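Subject: Handing over the structure, with notes

Dear colleague,

I am passing on the structure that we spoke about, and my notes follow below it. Please read them with the structure open beside you.

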Amino acid sequence: MGSVTSAMPLTGQFTIASTRCRIEAEAGDVVFAPNLTPFADTTAWSAPDLLLSVSSGEATRAPAAPLTEVLVRDDGLEFVRPQGSMLATGDFSRCSVRPHPSSSEPFTGQPWLMLALWGRVTHRDGLLLHGACCELEGRFILLLGERQAGKSTLARLVVAAGGTCLTDEYPFVTGTDAGPVAHGSPWPGLAGQPSTLSAPLAAVFYLSHAPANVLT
């Protein structure tokens with residue numbers, strides 16, 4: 001699958017949303033895209049929370065439709081997508097990917113690492129959401145809503161006001177004894193940058209369109 005060409009030594013270990021992820025390939029090295037670089041973790045782990053194995057072989061079939069098929073098997077769940085298939089244990093601690101077709105393009109983590117993290121974080125009472133996560137005056141907020149409700153627009157306004165947009169696409173939220181914690185992700189969308197920031201969640205706003213435009 002190629003070799004790592006980044007100047008930064010990558011171990012295949014990443015910490016994302018407080019989840020220790022290890023990516024292994026059956027043959028060769030995985031070429032990691034720059035969006036994963038900030039999450040690289042060289043800590044000596046006893047065991048990862050999530051192990052994602054990438055096979056050198058191709059998936060045997062594609063889904064009947066351009067969506068994800070989920071198959072229940074005796075040994076876990078199988079996810080079949082146009083890019084290949086992934087077999088996951090029930091708790092998503094071990095996932096095995098067969099790409100389809102084979103590709104030498106850098107590994108961005110989509111869809112396989114994102115899908116595995118969704119399952120693993122959810123199993124541990126967390127969430128992967130579609131929305132924007134922003135920091136403003138030291139407070140982390142979530143902007144949720146239907147498509148084109150204004151999440152990305154408000155995220156850009158937060159940045160213009162001196163805040164930070166961690167992601168306007170895929171934020172993670174995990175639970176702690178002290179309350180929910182919001183996390184940046186390697187998949188920031190248009191308004192953000194890959195961010196390793198995490199902080200207690202101060203507020204959640206669900207956006208909806210008003211019946212008419214009003215200037216105040």
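Which residues form one aromatic cluster? The members are Phe14, Phe32 and Phe107, where rings of Phe, Tyr and Trp (its six-membered ring) pair if their centres lie within 6.5 Å, planes under 30 degrees apart counting as stacked, over 60 as edge-to-face and the rest as tilted.

Before going further, please note that this is a predicted model, in which local features need pLDDT of at least 70 and side-chain atom pairs count only at pLDDT 80 or more, while totals for chains, interfaces and linings use all residues. Residues are numbered from 1 along each chain as its sequence is written, and side-chain values use heavy atoms, with hydrogens and water left out.

The structure holds 5 aromatic pairs. In one of them the ring centres of phenylalanine 79 and tryptophan 118 are 6.5 Å apart and the planes stand at 90°, so this pair is edge-to-face. It joins distant parts of the chain, since phenylalanine 79 belongs to strand β5 (residues 76–81) and tryptophan 118 to helix α1, 39 residues apart; helices (H or I, at least four residues) and strands (E, at least two) are DSSP runs, numbered from the N terminus. Phenylalanine 79 is buried at a relative accessible area of 3%, whereas tryptophan 118, at 36%, counts as partly exposed (buried means under 20% relative accessible area, exposed over 50%, and partly exposed in between, with a 1.4 Å probe and protein chains only). Tryptophan 118 also forms an edge-to-face pair with phenylalanine 92, with 5.9 Å from centre to centre and 80° between the planes. Phenylalanine 92 lies in the loop between β6 and β7, 26 residues from tryptophan 118, and is buried, with a relative accessible area of 6%.

Next comes the nonpolar core, meaning a set of buried Ala, Val, Leu, Ile, Met, Phe, Trp, Tyr and Cys residues joined through side-chain atoms within 4.5 Å. The largest one has 29 residues, of which Ile16, Ile23, Leu52, Met86, Leu113 and Leu117 touch the most other members. Two or more residues each come from β1 (13–16), β2 (19–25), β3 (50–54), β6 (84–88), β7 (94–99) and α1 (112–123), and the largest share, 7 residues, is given by α1. Leaving aside residues up to four places away in sequence, leucine 117 touches Ile16, Thr19, Cys21, Leu50, Thr122, Phe172 and Trp187, contact meaning heavy atoms within 4.5 Å.

Strand β3 is largely enclosed by the rest of the structure, because 4 of its 5 residues are buried. It runs parallel to β2, to which 5 bridges join it, and cysteine 21 has leucine 50 in β3 as its bridge partner. β3 also pairs with β7 in the parallel sense, over 4 bridges, with serine 53 partnered by serine 96 in β7 (two strands pair if DSSP finds at least two bridges between them).

Finally, 7 strands form an open sheet of mixed pairing, in the order β8-β12-β13-β14-β10-β9-β11. Its edge strands, β8 (127–128) and β11 (164–167), each pair on one side only. Within this sheet, β9 (residues 132–136) and β10 (residues 139–145) pair in the antiparallel sense over 5 bridges, and glutamate 135 has phenylalanine 140 in β10 as its bridge partner.

With best wishes
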